Amino acid sequence: MPNQRTRLIAGNWKMNKTYSEGVTLAQDLAYKLSENTDGVEVVVCPPFTDLKGVQSVMEMDAAPFHLGAQNVYWQESGAYTGEISCDMLKNVGCTYCIVGHSERRDYFGETDQDINKKIKALLSAGIKPISCCGESLEVREANNQVAFVVNQIKEDFKDVTLKSGDDVVVAYEPIWAIGTGKTATPEDAQEVCGAIRETLRDIFGADIADGIRILYGGSAKPENIAGFLECEDVDGALVGGASLKADDFSLMVERSV
Ligand code: PEP
């Protein structure tokens with residue numbers, strides 16, 4: 001029986017697009033997606049400096065997507081130079097926020113404990129975390145990907161309480177497939193996403209876990225999205241490079257309907 005989870009396609013713009021470029025991309029997307037999103041939820045995650053501009057486009061053009069940030073700090077306010085709080089994100093219309101992206105883990109030293117605090121802060125603020133996990137090439141070559149990712153999920157969701165499966169999204173992103181053009185096969189994705197689902201069931205119970213969307217991320221593009229969506233435990237994609245082109249991203253949404 002097909003699952004009841006609404007598919008989700010999220011675009012991570014990373015450190016790309018100035019304010020005006022971001023507004024233009026959001027306008028293009030709003031136009032291209034206007035007829036193509038039936039039954040698919042779409043999220044765009046621009047850099048912090050673009051959030052307000054993209055929110056304005058969403059309001060003016062009734063854009064069929066939600067707004068997400070790429071990071072957050074768990075403290076409410078205060079002397080944390082350079083950081084952004086949940087309240088600040090909420091105030092500019094964010095309903096989603098990526099946490100634990102491998103680039104944050106690798107380049108900025110984020111730990112599972114940090115990610116756990118961010119998830120809890122976002123949930124308290126009513127923002128849905130898109131929590132990323134995934135193994136390095138070294139871990140994959142040693143065939144330890146399942147154990148590695150399961151451990152990340154256990155740490156990232158430690159003592160987290162959910163009211164429903166819709167409160168959070170998990171993105172499985174094998175690091176060796178991010179921005180490299182090398183994709184995992186649908187079988188690779190299902191192996192780990194299936195294990196993630198089982199772990200979520202252990203943590204939250206089946207009723208909640210079966211409602212959590214699990215995305216695949218790593219060189220996803222219009223040509224390969226359909227294969228991933230056929231996997232039982234893959235409910236959409238977290239898209240980097242291809243989300244910067246309105247044509248490609250809207251095609252991916254169209255192919256997810
Ligand atoms: C990402 O970094 O979240 C990502 C999936 O990037 P890309 O699609 O470019 O591999």
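Predicted model: local features only at pLDDT ≥ 70, side-chain atom pairs only at ≥ 80, totals over all residues.
1. Let's start with H1 and H2. Helix H1 covers residues 19-32 and helix H2 covers residues 51-60. Their axes sit 9 Å apart, and the two helices pack at an angle of about 30°. Angles under 35 degrees count as roughly parallel, so H1 and H2 are roughly parallel to each other. Their crossing is right-handed.

2. Which residues in H1 and H2 meet? From H1, look for Tyr19, Gly22, Val23, Ala26 and Gln27. From H2, the partners are Gly53, Val54 and Val57. Sorted by class, the residues of this contact between H1 and H2 come out as 5 nonpolar and 3 polar, with no charged ones.

3. H1 has another partner to look at, helix H11, made of residues 246-254. The axes of H1 and H11 come within 9 Å and cross at roughly 35°. This crossing is right-handed. On the H1 side, Leu25, Asp28, Leu29 and Lys32 make the contact, and on the H11 side Ala246, Asp247, Phe249 and Ser250 do.

4. What meets what between H5 and H7? H5 brings Asp112, Gln113, Ile115, Asn116 and Ile119, while H7 brings Gln152, Glu155 and Asp156. Go through them by class and you'll find 2 nonpolar, 3 polar and 3 charged residues in the contact of H5 with H7.

5. Next, the ligand. How many residues surround the ligand? There are 14, and the closest are Lys14, His101, Glu173, Gly179 and Ser219.

6. For Lys14, an N or O atom in the side chain is 2.5 Å from an oxygen atom of the ligand. With Gly179, a polar backbone atom is 2.7 Å from a ligand oxygen. Ser219 also uses a polar backbone atom, and the distance to an oxygen atom of the ligand is 2.7 Å.

Notes: Residues numbered from 1 in each chain as written. Heavy atoms only, no water. Axes fitted to C-alpha atoms, helices over the stretch in contact; angles between N-to-C directions. Helix = DSSP H or I, 4+ residues; strand = E, 2+ residues; numbered from the N terminus. Parallel < 35°, antiparallel > 145°, perpendicular 65-115°, else oblique. Left-handed = near helix turned anticlockwise from the far one by under 90°. Contact = heavy atoms within 4.5 Å. Nonpolar A, V, L, I, M, F, W, Y, C, P; charged D, E, K, R; others polar. Near = heavy atom within 4 Å. Polar contact = N/O pair within 3.5 Å; in protein donor to acceptor, adjacent residues only side chain to side chain.
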